[in-house]
Structures are given as structure tokens and as C-alpha cells.
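Please look over the protein shown below before reading on.

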Amino acid sequence: METYKTKSDDFADYYGGIIMGNVEVYVDRLIQEIKSGVVYRQYTVALENLNQNPELKQQVDELRRLNYQVQAESDARNLYDAIDDIESKIDKLSCVPEVTQFLEAELALCRQLQSVEVRLHQGINLNIPDLF
């Protein structure tokens, strides 16, 4: 709890209530468990290897940036061009072992985090209606 905030009995108050304190403790434990796991260690090793070649790291980051933009893109007209651009960059970079190692490790870590998120959503019923 930050020193300039006063304790609140409101359970929704992130700076007060004992409930959020427990959640924060368990989230911190979850983070530590993930960081001590094989998947995260493989990711950090792959990232260190990739960081040894700054030019290659820059190319991979550009690929990751494009991939994110495509996933967030709602304009179908540009979507196919963007996907083609990503595929050509992947083809070019996939022959470099450090890139392949990093992208596979990153994907494994992302899947692990997504699995945690899915389990949280399944365990907590927010009663959100189907959107599709």
C-alpha cells in the first residue's frame, strides 16, 4: 500500500481492502512461478542470444510489430498486403536459428500466459454474453 493513500474498506479499491492485498500476493507468486519455469527460461535464453545481434533483433522486432498491427487491424483492404509482408519477412528470417529459437520460445510463453488468462476467465463468471 502506498504511503500517501489511506486504507479503504471498499473491496474494489486497489489501494485498500484486504482482498486486493491477497490477490496481489498471489499474482506476485504466479509471476515468480512463471519466471522460474522452463518456458520462461527458454524465452530469456533465446532473447539473450538474439540480443547479441542488434541488427537481427531490430528485424525481428519489426516483424513482431507488423504481426501485432495485423492482429489489431480492422481494415480488410490492407490486411492481405500486411499478411504478405509478414510472410515474406518470416521466410527471410526463419533460416536464422536464433530467430527461430526466439519466435518459438516467445510463442510458447504467450500460449502459457493465454492459458492462465483462460483459466482465470473460466474460474470467474463475469456473465458476459456471447459476442458472436
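How many aromatic pairs does the count come to? The count comes to two aromatic pairs, where rings of Phe, Tyr and Trp (its six-membered ring) pair if their centres lie within 6.5 Å, and planes under 30 degrees apart count as stacked, over 60 as edge-to-face and the rest as tilted. This is a predicted model, in which local features need pLDDT of at least 70 and side-chain atom pairs count only at pLDDT 80 or more, whereas totals for chains, interfaces and linings use all residues. Residues are numbered from 1 along each chain as its sequence is written, and side-chain values use heavy atoms, with hydrogens and water left out.

- Tyr40 and Tyr43 stand three residues apart in helix H2 (residues 38-51), a separation of about one helical turn; helices (H or I, at least four residues) and strands (E, at least two) are DSSP runs, numbered from the N terminus.
- Tyr43 is buried at a relative accessible area of 15%, while Tyr40, at 24%, is partly exposed; buried means under 20% relative accessible area, exposed over 50%, and partly exposed in between (1.4 Å probe, protein chains only).
- The rings of Tyr43 and Phe102 have centres 5.6 Å apart and planes at 40°, so this pair is tilted.
- Because Tyr43 lies in helix H2 and Phe102 in helix H5, their pair ties together parts that are 59 residues apart in sequence.

- Glu106 lies in helix H5 and is buried, with a relative accessible area of 16%.
- Leaving aside neighbours within four places in sequence, Glu106 is in contact (heavy atoms within 4.5 Å) with Tyr43 and Arg64.
- The side chains of Glu106 and Arg64 are joined by a polar contact of 2.6 Å.

**Surface and overall build**
- The protein has five helices and zero strands, and its pattern along the sequence reads α-α-α-α-α.
- Of the 132 residues in the protein, 17% are buried.
- Among contacts with a separation of 6 or more, 51% come from residues 24 or more positions apart.
- Leu126 lies in the segment after helix H5 (97-123) and is exposed, with a relative accessible area of 53%.

Methods
A polar contact is a pair of N or O atoms within 3.5 Å; within protein, one must be able to donate a hydrogen and the other to accept it, and residues adjacent in sequence count only if both atoms are side-chain atoms.
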